[in-house]
Each structure stands twice: as structure tokens, then as C-alpha cells.
Amino acid sequence: MSATADHAEERTNPAVRLGFQPGQVVQEIGYDDDVDQELREAIEGAVEGELVDEDYEDVADAVVLWFRDDDGDLTDALVDATTYIEEGGAILLLTPKTGRSGYVEASDISEAATTAGLTASKSVSVGKDWSGSRLATPKAAKSKR
């Protein structure tokens with residue numbers, strides 16, 4: 001692919017825009033009937049493989065976490081999502097957009113991410129019903145394992 005084609009794909013493919021790359025293992029948590037199938041397919045295309053589910057027991061490069069307001073405690077969900085993620089890896093937190101069933105306040109996301117020890121690095125619209133927040137795990141955690 002040419003550099004121009006790569007830049008065009010970055011603009012049109014939300015998975016590429018979010019930093020997903022070929023060969024990454026991406027764990028998906030919170031899958032339900034309401035998820036954005038086009039985004040899932042875009043991520044699978046970007047990583048050139050299928051998403052692994054919540055039962056995956058090895059280290060993942062990234063986590064896609066679908067979360068709705070009635071799914072429980074967001075901080076707990078984020079802490080759980082970091083359990084099997086590579087140090088310095090990212091969590092893509094997907095929440096319903098404003099006005100949609102299950103909407104999560106931005107302030108709640110920020111507070112939960114901070115409490116879970118994550119850093120928000122990017123927010124993006126990823127579909128007609130979902131917003132994404134890219135949360136980074138601390139790279140310093142590597143020395144603690």
C-alpha cells in the first residue's frame with residue numbers, strides 16, 4: 001500500500017484510527033446484541049484476526065470493553081480489563097452515545113479511568129450509537145510483575 005492509501009485508511013477506518021495493528025491479540029469484553037458489528041469487523045480486519053472473548057486466559061495487546069450504564073461498576077470493569085493486558089497496552093472503552101440507552105457520563109468515565117490507574121488518551125465517535133475512549137495502561141507497571 002502507498003503512503004496515501006495508508007492515510008486514507010486512517011481517516012475512514014475507525015479501528016486503524018484507534019491504533020489497532022496487524023498481529024495484535026484483542027480481547028473483547030461486554031459483547032451483547034447491541035454492539036456495533038461494523039466496528040468489530042473493522043477491528044478484526046485491522047488486526048488480521050478474530051477478537052478473543054472474555055474467557056481468553058493469555059496476555060492480550062488490547063481490550064475492547066463494551067460498557068453500558070447498567071452493566072455495574074465501571075471502575076471494577078476497567079480494573080478487570082487490565083488483568084490480562086500487556087503492559088502499556090490500551091483499552092478501548094465503548095459506551096452508548098448521549099441519548100442512547102445505557103449512556104455513561106463523561107465525568108464517570110474519567111473518574112473510573114483515573115481510579116483504575118488508566119490514562120485517557122483519545123475519545124472518538126466509532127459508530128452511530130457508540131463512542132469510544134482510548135485508555136492507556138501505565139508502562140511503569142512492567143517492573144512490578
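Which element gives the most to the lining of the largest pocket? That's α5, with five residues. Before going further: this is a predicted model, where local features need pLDDT of at least 70 and side-chain atom pairs count only at pLDDT 80 or more, while totals for chains, interfaces and linings use all residues. Residues are numbered from 1 along each chain as its sequence is written, and side-chain values use heavy atoms, leaving out hydrogens and water.

**The pocket**

A pocket here is an open set of points on a 1 Å grid over the protein atoms alone, where a 1.4 Å probe fits, with protein on both sides within 12 Å along at least five of seven lines; lining residues have an atom within 4 Å of a point. The largest one has a volume (the space filled by probe spheres set on the points) of about 230 Å³. Of its 20 lining residues, T95, A106, I109, S123 and S133 are the closest to its centre. Here's how the lining divides:

| Kind of residue | Number in lining |
|---|---|
| Nonpolar | nine residues |
| Polar | nine residues |

**The core**

A nonpolar core joins buried (under 20% relative accessible area, 1.4 Å probe, protein chains only) Ala, Val, Leu, Ile, Met, Phe, Trp, Tyr and Cys residues through side-chain atoms within 4.5 Å. The largest has 19 residues, and F20, V26, I43, V64, W66, L94 and V126 touch the most other members. α3 (37-47), β2 (60-66) and β3 (85-96) each give two or more residues to this core. Another core, of 18 residues, lies apart from it, and L65, L78, A113 and A116 are among its members.

How values were computed. Buried means under 20% relative accessible area, exposed over 50%, partly exposed in between (1.4 Å probe, protein chains only). Helices (H or I, at least four residues) and strands (E, at least two) are DSSP runs, numbered from the N terminus. Ala, Val, Leu, Ile, Met, Phe, Trp, Tyr, Cys and Pro count as nonpolar, Asp, Glu, Lys and Arg as charged, and the others, Gly among them, as polar.
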